[in-house]
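Work through the following exercises with the sequence and the model in view, and compare each step of the solutions with what you find there.

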Amino acid sequence: MAAKDNAPEQRIAILPAMIAALNGAFDDISKAMRLHRVWIALAHEDIGDQHRRTTLGPLWMLVNYFAFVGTFAFVFVTKDASNPSYIAYVAIGMLVWFYLTETITMSVSLFQREASFIQGTTLPLFVYAMRLTMQCIIRAGYSLAGCVLILLLGGYGINTNWLLSLVGLLLLILATPAFVVVFAFLGAFFPDSEFIVGNLMRVGMFFTPVFWVYSGQEGIQEYAYHWNPFTYFLEGVREPITTGIFPGHALAVTGYFCLGLWAIALLLLGLYRKRIVFLI
């Protein structure tokens, strides 16, 4: 009976702790955003370091993108390949999937990679999330250039549908820091998750309509299409260009997913940003 009587008091006591955590998270984010020159410069430095001794430099990212799109569009030929819009379907699907895969897989080991900075400086923790976010956006910019070229060569002239597609891209970018924070803490709490997440993302490509088209099939493809959150990130960007349809449902699901992801990210950042030094 006493336990039941104490339950409302416990719930009331949790509320101030949650508010304090959210305030701490917003404070960390605001400080990080004021240091935008720092994480932008670090992201550019990361890109330069990764391609310092190569002949093509960052253009290798564009070459890799063309190689994958060509492989799935012309080598792994499906029954949908005869559709004139299929190359555009694959090109946009690959653009979004590569971005999601890179963001998530690199996020899991973020705090381990930045351990020396985290332990030796007083920079807000969100700076490291934005550093990786900016790095992924820069890398995706090269793939985006390749995707635009493929679309133009495929006869998809620039029109208002591209603006609708831009809404899906902006939602994806908006979700990126939240993805980074959530998976970075996952990697800090469970080091094995780096390998688990990497394997899941590799397999997940075949359970996501990146290069296969859903046209009412039943079984695994039905569940993989409707219950896979990545489906809606892809369709929010792809549908306006390939079908000319406003992707209202896809954008709504993506928006709700972003809100939920940001709620988790803010709680993790508020509760554990000062303890992360003991986890890495």
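This is a predicted model: local features need pLDDT of at least 70, side-chain atom pairs count only at pLDDT 80 or more; totals for chains, interfaces and linings use all residues.

**Exercise 1.** Determine the handedness of the crossing of α7 and α8, and describe how these helices pack.

*Solution.* Residues are numbered from 1 along each chain as its sequence is written, and side-chain values use heavy atoms, with hydrogens and water left out. Next, helix α7 (residues 125–153) and helix α8 (residues 160–189) pack at an angle of about 145°, their axes being 10 Å apart (axes are lines fitted to C-alpha atoms over the stretch in contact, and angles run from 0 to 180 degrees between N-to-C directions).

**Exercise 2.** Identify residues at which α7 and α8 meet.

*Solution.* On α7 they include Phe126, Met130 and Leu151, and on α8 they include Trp162, Pro177 and Phe185 (contact means heavy atoms within 4.5 Å). By class, this contact has 15 nonpolar, two polar and no charged residues.

**Exercise 3.** Locate Ile241 and decide whether Ile241 is buried or exposed.

*Solution.* Ile241 lies in helix α11 (residues 229–242). With a relative accessible area of 11%, Ile241 is buried (under 20%, whereas exposed means over 50% and partly exposed in between, with a 1.4 Å probe and protein chains only). Not counting residues up to four places away in sequence, Ile241 touches Ile92, Leu151, Tyr156, Asn161, Trp162 and Ser165.

Key. Helices (H or I, at least four residues) and strands (E, at least two) are DSSP runs, numbered from the N terminus. A crossing is left-handed if the near helix is turned anticlockwise from the far one by less than a right angle, and right-handed if clockwise. Ala, Val, Leu, Ile, Met, Phe, Trp, Tyr, Cys and Pro count as nonpolar, Asp, Glu, Lys and Arg as charged, and the others, Gly among them, as polar.
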